[in-house]
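Please read it with the coordinates open.

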Amino acid sequence: MDLAQEEPAGDEEMEQLVRLPSPNIPLMENHLQRTHFPGMVRKKAYIFNGLGNYYNKEWDLSEGSGQEFCWYHVELPKVKQKLSQSAQYLIDVLCPPLKLQDILSLVSNGPFCGHVDGALVFRVNSPGPSASNFTFRLAARVTENSVITISLGRVPRLGFSPVGQSLLSEIPSVESPSYRSGERKEGGGIVIREHVLEFLLTMNHSEEADNPVPKSVSNLVVHILDTHVDHLQDVVTKLEMEMDSVELELDRGGFALKKEMLDERRFPKMHLNLQRLLQVIAHGEQVFPRVKEKCSSKHWFANKDISSLEELIGRLRRLKENVGFLANRVTALQAGLDSWQSEQINRKLYYLSFLSIIFLPLSAITGVFGMNVGGVPWTVQKDPALKDGFRNVLSLCVVTLLLVLVCFISPALYTRLTAWHRRRSLRRSWSYNQRSFLKRTIGFQERGGYHRI
């Protein structure tokens with residue numbers, strides 16, 4: 001069996017924002033496990049004490065006790081792979097204690113929310129190629145003292161790390177040609193790459209800076225769904241910035257740029273990506289209300305977190321409207337390119353028609369003088385049997401031309417005749433009505449005029 005490759009560095013810039021956990025956070029001894037696919041998935045395990053503190057723990061999939069609760073997160077590699085391969089990865093890291101039905105409920109495509117083996121399971125997995133930036137998969141298994149989540153690739157702000165160890169807590173300097181990434185300038189702080197700064201500008205949240213530690217399982221569920229919505233919002237923000245740059249390029253660009261966009265089918269591909277994004281948002285609109293309904297019946301789910309879920313549902317609806325606006329902009333740009341292409345074709349056809357006008361009389365003259373009949377002027381055909389051939393051919397051409405003209409003119413003649421007949425009928429009916437009206441009026445006046453009612 002071919003093993004999938006390690007996840008590409010698509011989120012390399014985000015990995016630079018968070019460093020290794022601080023040594024003052026206790027890390028429990030991690031027991032080695034024999035796995036069939038070592039290193040193919042990223043695993044994170046946390047234990048929360050319910051008082052706003054958390055610790056890294058070993059990957060034993062055990063539940064907390066009392067106020068303590070555990071969170072286990074699995075990141076599937078964002079590479080081209082089959083859905084069955086992802087299921088094998090999850091079986092490798094989650095079985096046991098999870099059963100096969102738990103694994104299938106977490107990794108399957110489509111929206112789902114329900115109870116599986118006594119635990120609340122929900123997912124918003126969208127079908128599509130795993131390596132695509134517009135394929136999102138997020139599934140969770142929630143119990144009273146533990147949460148297991150699965151995501152496709154890295155989700156920004158989903159994990160936890162000390163704020164003091166984040167790059168955002170320092171004073172950075174943008175990378176310049178004379179300094180390499182990671183070097184420190186005197187009195188300047190850390191040097192970051194320019195594309196990392198551009199990536200930060202596309203996010204609508206601060207990485208790790210506004211990430212409060214949950215104090216209950218309900219807080220953790222809200223945090224997971226909130227980061228999912230933020231991830232979708234980041235993708236929409238990137239698309240909006242890309243649309244702005246494309247519109248600016250179209251305004252400044254010429255023939256070569258527009259031809260390149262048409263050849264690459266840039267806008268149809270962008271429209272397809274927007275439809276995939278709309279599908280993910282639609283899955284969230286189906287699943288999140290059901291999650292809120294099922295969690296509201298749990299005694300361990302706080303009422304304020306129910307309100308937070310309602311706000312997330314409202315954010316999803318507004319996000320859907322924004323994606324619809326983007327789809328309309330893409331359609332308008334594609335229509336503009338199509339009209340430009342039509343203008344180019346019409347211009348070429350105009351040049352071709354102009355050349356046809358020039359060569360059409362020449363073709364007619366050469367066709368007339370190329371006929372093999374007698375009587376053609378300026379020829380040496382003296383046979384008396386062929387002396388009327390040229391006149392007969394010209395007569396036949398004139399008759400054919402008249403037939404063609406009659407065929408083209410007959411609809412107009414028919415329209416004119418029907419209009420004339422209609423006007424004549426209306427004029428006749430109007431004159432008759434006018435005479436009858438005058439007769440009635442004069443007769444009524446002769447009888448004494450109007451009577452008072």
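1. Basis. This is a predicted model, in which local features need pLDDT of at least 70 and side-chain atom pairs count only at pLDDT 80 or more, while totals for chains, interfaces and linings use all residues. Residues are numbered from 1 along each chain as its sequence is written, and side-chain values use heavy atoms, with hydrogens and water left out.

2. Overall make-up. The chain has 9 helices and 10 strands; these are DSSP runs (helices H or I, at least four residues; strands E, at least two), numbered from the N terminus. Of the 453 residues, 40% are buried, where buried means under 20% relative accessible area, exposed over 50% and partly exposed in between (1.4 Å probe, protein chains only). The accessible surface comes to about 27500 Å², and carbon and sulfur atoms account for 58% of it. Areas come from the Shrake-Rupley method with a 1.4 Å probe; for residues, only the protein chains shown count as cover. Contact means heavy atoms within 4.5 Å. Among contacts between residues at least 6 apart in sequence, 65% join residues at least 24 apart.

3. Cores. A nonpolar core is a set of buried Ala, Val, Leu, Ile, Met, Phe, Trp, Tyr and Cys residues joined through side-chain atoms within 4.5 Å. The largest one has 60 residues, and Trp71, Val142 and Leu277 touch the most other members. Elements that each supply at least two residues include strand 1 (42–48), strand 3 (69–76), helix 7 (266–295) and helix 8 (303–368). Helix 5 gives the most, with 14 residues. Beyond its neighbours within four places in sequence, valine 142 is in contact with Ala119, Leu120, Phe122, Val147, Val217, Val221 and Trp300. A separate core of 26 residues has Ala87, Tyr89, Val116 and Leu152 among its members.

4. Cysteines. The structure holds 0 disulfides, a disulfide being a pair of cysteine sulfur atoms within 2.5 Å. For cysteine 295, the nearest cysteine sulfur is that of cysteine 113, at 7.3 Å. Cysteine 295 is buried because its relative accessible area is 1%. Cysteine 70 is also buried, at 2%.

5. Strand 4 (residues 110–116) pairs with strand 5 in the antiparallel sense over 7 bridges; two strands pair if DSSP finds at least two bridges between them. Proline 111 has valine 124 of strand 5 as its bridge partner. The two strands form a hairpin with 2 residues between them, and aspartate 117 in the turn has a positive phi of about 55°.

6. Salt bridges. The count is 11, taking a side-chain nitrogen of Lys or Arg within 4 Å of a carboxyl oxygen of Asp or Glu. Lysine 99 sits in the loop between helix 2 (83–94) and helix 3 (100–107), 18 residues from aspartate 117. Lysine 292 and glutamate 310 form another (3.6 Å, N to O). Lysine 292 is in helix 7 and glutamate 310 in helix 8, so this pair ties together parts 18 residues apart in sequence. Salt bridges with shared partners join Asp226, Asp230 and Arg315 into one network.

7. A buried lysine. Which residue does lysine 57 meet in a salt bridge? The partner is aspartate 60, at 2.6 Å, N to O. Lysine 57 counts as buried because its relative accessibility is 10%, whereas aspartate 60 is partly exposed at 35%.
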